[in-house]
Amino acid sequence: MLEMTGVSYHYQPGKPAVDNVSLCIRAGEFAAIAGRNGSGKTTLTRLVMSLIKPANGQIVLNGVNTSSQSPGDIARHVGYVFQNPDSQIFRDTVASEVAYGPEQLGFSAPEIASSVAEALEKTGLTALADVYPRSLSRGQKQRVTIASALAMKPDILILDEPTSGQDAKEKESLLRILTELNEQGKTIILVTHDMDILARYAKRVVVMASGAKVFDGPVAELFAQGNDIRKWGLRAPAIMNISRKLSKYGVFPVLTATELSQQIAERVQRGRM
Amino acid sequence: MKQLAPLTKLVFTVAVSIWAMLLTSLPGLGLLAVAQVVTLAVCGLLGRTYKGILSLTGFAVVLILVQYALGSELEAAIAGGLRMIDMATVFVILLATTKMQSLTTALVSQCRVPQEYAFMFTTALRFIPDFLAESKAVREAQACRGYTGKGGIVRRFTSYLALVGPLVLRAVSRSETMALSLELRGFGAGRRSFSTDVGLKFRDYCTLLGMIALTAGFTAGRIVYGW
Amino acid sequence: MKAISFENFSYAYPKSGVVLEKLCFEVEQGSFTAIVGPSGAGKTTFCLAAAGVVPHYFGGRTGGTVVVQGIQTMDSTMGELAKDVALVLEDYESQLVAMTVEDEVAFGLENAGVDRKLIPQMVRETLQLVGLSGREQCEVGGLSGGQKQRLALAGALVTKPDILILDEPASALDPAGTEELYSLLGKLNEQGMTILVVEHDIAQVLPYIDQLVLLMEGRIAVAGQPEAALRKMSEESLFQEVIPPLQELRFLLEKHGCRFGAWRCEADAVRELSAVLQEAGEVSRSA
């Protein structure tokens with residue numbers, strides 16, 4: 001469980017990047033953090049990782065205050081997947097790359113072997129274990145970084161824009177992996193401005209604007225906010241927007257084209273009978 | 001100083017270096033250093049540069065002590081240190097008063113330095129902030145995987161690979177993109193123009209004349225009077 | 001004269017397999033083309049070929065020709081082509097070469113030998129166009145990702161090229177930033193600039209484009225007017241993951257016998273669907 005109470009942080013005095021944010025993420029959640037570029041999303045997650053320390057407030061991770069912990073200490077509990085895989089991949093094979101984290105944390109040799117094997121399997125990389133990771137596609141590299149985080153056996157996984165620069169198929173397979181991990185009990189925190197992903201996968205959304213938390217609740221509730229979400233730099237998915245605008249014809253809000261087409265087809269059919 | 005053309009300042013840099021070589025007396029060298037610091041102060045740049053000057057002075061003191069310890073005469077050792085300060089401070093003045101872009105322009109259009117070399121210099125500077133940002137990103141990414149950089153020398157060295165590896169690979173791909181970008185935007189395709197005006201004005205000619213006169217004076221002084 | 005035409009063009013990088021294979025493809029003057037396709041389909045190489053970077057910069061093996069504004073790229077040089085075509089690379093951060101914003105934008109003008117007196121005005125106008133007015137003296141390193149992207153765009157636009165090519169320009173932008181970018185590109189296109197863009201999210205570009213190209217494994221799988229191209233992708237199950245939800249909805253409803261026009265934005269869809277539901281409601285009430 002991750003608990004932030006009244007957390008603030010600023011890079012320049014007088015300009016808070018994170019402003020008095022309180023947030024509690026329970027074990028097993030699938031949450032998303034959304035907002036404009038520069039709204040404080042990434043600062044918030046960097047605070048969680050102890051890469052920066054809060055100016056005010058406290059962060060408690062699994063019952064322990066993190067103020068005196070290093071990012072390496074946090075890594076046992078929280079795996080952080082950065083946006084750009086090229087900033088961290090440095091070894092010659094996928095398997096040894098994934099082994100780096102557990103080695104640093106002092107796992108024993110058999111522990112390393114088993115956790116690497118498990119992480120590769122869960123991210124669908126077993127067949128690529130001996131490949132030079134830099135030669136992989138962006139989507140595959142992103143999976144290597146997820147495996148690298150998983151191998152340290154964290155209970156929480158934070159991913160910063162993991163789908164950027166990937167094609168539709170790669171995105172789907174990445175989200176499938178995350179959903180499976182979530183079902184196996186991992187807490188997933190996704191930092192994203194991909195509204196489609198947010199709508200389809202996240203159960204809870206936290207919206208940041210100018211460093212403050214401006215929304216925290218279920219996805220459906222977010223899209224019922226109307227014009228506010230545009231103000232926060234977000235856009236509801238097209239089908240959600242359309243189905244809401246058709247509500248006077250008895251259409252209820254849905255997310256996918258298939259669901260909406262069924263609703264409309266039923267009504268048209270009834271009209272024809 | 002800021003209003004002089006970059007070429008004048010380049011000549012000034014060379015001139016001060018020549019003066020520092022010509023002058024041998026301690027008061028002369030000391031005066032040159034003081035004059036330069038005063039110039040910085042008059043231009044209102046001392047606040048920005050004093051740290052550099054101080055560390056230069058510190059370095060000069062070490063240099064003097066080392067020379068003295070190695071058997072030089074005290075006076076010669078101090079002269080060597082002062083000369084170093086004189087020649088280094090003039091570069092501080094040059095860089096603090098001249099935009100990189102103007103300097104490149106002057107080098108290419110007036111000193112006939114091939115533009116490829118001149119721009120290598122500016123693009124290298126352009127690299128620095130990016131490189132710092134990238135190294136921070138790499139350090140953070142590896143910190144989240146347990147990298148600490150602590151331990152014995154061997155361990156520290158091997159663990160450093162985790163930072164150097166991604167950084168070097170990224171720098172290589174960055175420089176490749178930048179080289180491509182230069183060509184894409186027509187760099188070196190024909191006669192180029194320069195957006196900054198580096199032409200010499202009346203005050204530049206006056207300054208240049210003054211510097212020639214001083215140089216001649218110092219030379220004469222050295223030959224005739226043996227300063 | 002076509003803005004760009006690929007005539008049976010094939011290409012392989014030195015030491016690589018064939019990346020583009022026998023492309024035949026044309027871009028009309030003043031048109032707006034979007035290119036989609038899975039990773040590794042050759043989209044970036046396609047952009048590079050249209051700007052003459054391939055094969056001039058990378059070498060490698062080629063077959064066929066690419067003609068840009070009537071000039072065979074093979075017979076020309078990158079510097080020559082730079083007058084007609086500007087390219088914003090996917091890694092636009094590394095594309096920036098100068099220390100300050102104004103120097104960055106002036107760079108292309110200086111290379112083209114534009115008179116010094118004209119440069120400040122052109123720089124100012126271009127920065128205004130991309131929304132970076134007042135930042136002339138800012139250091140490039142201090143800009144945010146979105147600002148760097150707009151700066152790279154300004155650097156490309158300032159020489160007033162006939163053709164602008166952008167490789168995944170929205171990948172680091174948030175939804176609001178992406179909308180702004182494409183509305184700017186739409187405006188430039190209206191003013192007559194030929195635009196070619198690689199984009200994953202077709203819904204973003206659909207209101208503006210008049211040609212959609214699906215590239216798969218180095219070949220053109222589908223190319224044509226967007227409506228027809230999307231229909232073909234749907235019917236033949238070609239990379240249909242990228243079909244925007246709006247079009248997916250329309251194709252699904254057509255299977256139920258509904259007929260609609262080509263929807264370019266949400267408002268189009270709401271209007272037509274409201275009419276259909278209204279009619280259905282009235283019929284069922286009167287029955």
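**View 1. A salt bridge between Arg185(B) and Glu104(C) in the predicted model.**

**View 2. A salt bridge between Asp130(B) and Arg174(B).** The closest N and O atoms are 3.0 Å apart. The pair links distant parts of the chain, 44 residues apart, with Asp130(B) in helix H6 (residues 115–143) of chain B and Arg174(B) in helix H7 (residues 153–184) of chain B. Both Asp130(B) and Arg174(B) are buried.

View 3. Lys122(A) is partly exposed, with a relative accessible area of 23%. Glu118(A) is partly exposed at 32% relative accessibility.

**View 4. Lys41(A), a buried lysine with no salt bridge.** Lys41(A) is in helix H1 (residues 41–48) of chain A. Glu161(A) has the nearest side chain of opposite charge, 4.1 Å away; a salt bridge is counted within 4 Å, so this pair is left out. Beyond neighbours within four places in sequence, the contacts of Lys41(A) include Ile33(A), Arg36(A), Glu161(A), Val191(A), His193(A) and Met208(A).

**View 5. A salt-bridge network in chain A.** The linked residues are Arg26(A), Glu29(A), Arg204(A), Lys213(A) and Asp216(A). Over all chains, the count of salt bridges comes to 34.

**View 6. Helices H1 (residues 6–22) and H8 (residues 202–225) of chain B.** The two axes come within 10 Å and cross at roughly 10°, so H1(B) and H8(B) are roughly parallel to each other. Residues making the contact include Phe12(B), Ile18(B) and Trp19(B) of H1(B), and Leu208(B), Met211(B) and Phe218(B) of H8(B). By class, the contact of H1(B) with H8(B) has 11 nonpolar, four polar and two charged residues.

**View 7. Helices H2 (residues 26–42) and H3 (residues 46–69) of chain B.** Here the axes come within 9 Å and cross at roughly 150°, which makes H2(B) roughly antiparallel to H3(B). Val37(B), Leu40(B) and Ala41(B) of H2(B) meet Leu46(B), Thr49(B) and Ile53(B) of H3(B). Five residues of this contact are nonpolar, one is polar and none is charged.

Notes:
Residues numbered from 1 in each chain as written. Chains lettered and ligands numbered in written order. Predicted model: local features only at pLDDT ≥ 70, side-chain atom pairs only at ≥ 80, totals over all residues. Heavy atoms only, no water. Helix = DSSP H or I, 4+ residues; strand = E, 2+ residues; numbered from the N terminus. Buried < 20%, exposed > 50% of the residue type's maximum accessible area, 1.4 Å probe, protein only. Lys, Arg positive; Asp, Glu negative; His and termini not counted. Contact = heavy atoms within 4.5 Å. Axes fitted to C-alpha atoms, helices over the stretch in contact; angles between N-to-C directions. Parallel < 35°, antiparallel > 145°, perpendicular 65-115°, else oblique. Nonpolar A, V, L, I, M, F, W, Y, C, P; charged D, E, K, R; others polar.
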